[in-house]
Amino acid sequence: MFHRLTALSLLAASLCCAQNPAATVAPLKIWDDKALADWATPVANLNVRPGHFSERDYYAAPNAECVRTYPVYFPGREPAGYWEMLKQRRPEPLMTAGSRTMADWVAAGKRVFEEMDVPAFRTYDPKLMEKARSRDDFAKSGGRALKDGAVFGMRWVPTAKGLALSIND
């Protein structure tokens, strides 16, 4: 009896959790003052809840810095034409609004995980960018390539100002 009940419970749970291949739509509004009014427990003895950005400030914040980035390859391991392609790229949003299937959401999350950089660490310094493409400089620092030829933690970022060098977030 116990095994039959366990099997039925597992079957019911798997049916409830089955992924729907239909498009999943993210809410258009994710930051709402009213919904966030009681988001945190009041601070002990003060009976005041911690604050957060207002809805107005949240939606007014610039997000132009969340753009697609591309791997820095170990010198000599770049795909053919890669550097020329990078110099021609324009900034593209890291994520775009719209409905997606669950598989699309997973792929988008993977992209964000792999491509998010730290905008405050972006540099346009041609000397640093040259070092990132120099075999001698990498040899001096002991740098090595990953299996795919990329350099761990470094990203090229096409921006409105031109191509920047950055680090992964």
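**View 1. The second largest pocket holds about 240 Å³ of space.** In this predicted model, local features need pLDDT of at least 70 and side-chain atom pairs count only at pLDDT 80 or more, while totals for chains, interfaces and linings use all residues. Residues are numbered from 1 along each chain as its sequence is written, and side-chain values use heavy atoms, with hydrogens and water left out. A pocket is an open set of points on a 1 Å grid over the protein atoms alone where a 1.4 Å probe fits, with protein on both sides within 12 Å along at least five of seven lines, and lining residues have an atom within 4 Å of a point. Of the 14 lining residues, Glu 114, Phe 152, Gly 153, Arg 155 and Asn 168 lie nearest the centre. Strand 2 gives the most, with 6 residues.

**View 2. Three strands form an open sheet in the order 1-2-3, with antiparallel pairing.** Strands are DSSP runs of E with at least two residues, and helices are runs of H or I with at least four; two strands pair if DSSP finds at least two bridges between them. The edge strands, each pairing on one side only, are strand 1 (70-73) and strand 3 (162-167). Strand 2 (residues 150-159) is joined to strand 3 by 6 bridges, and Trp 156 stands opposite Leu 165 in strand 3.

**View 3. Ala 40 lies in the loop between helix 1 (2-17) and helix 2 (55-60).** Ala 40 is buried, with a relative accessible area of 14%, where buried means under 20% with a 1.4 Å probe and protein chains only. Ala 40 and Pro 50, 10 residues apart in sequence, are 6.7 Å apart in space, C-alpha to C-alpha.

Methods. Buried means under 20% relative accessible area, exposed over 50%, partly exposed in between (1.4 Å probe, protein chains only). Grid points are joined across faces, edges and corners, and a volume is the space filled by probe spheres set on the points.
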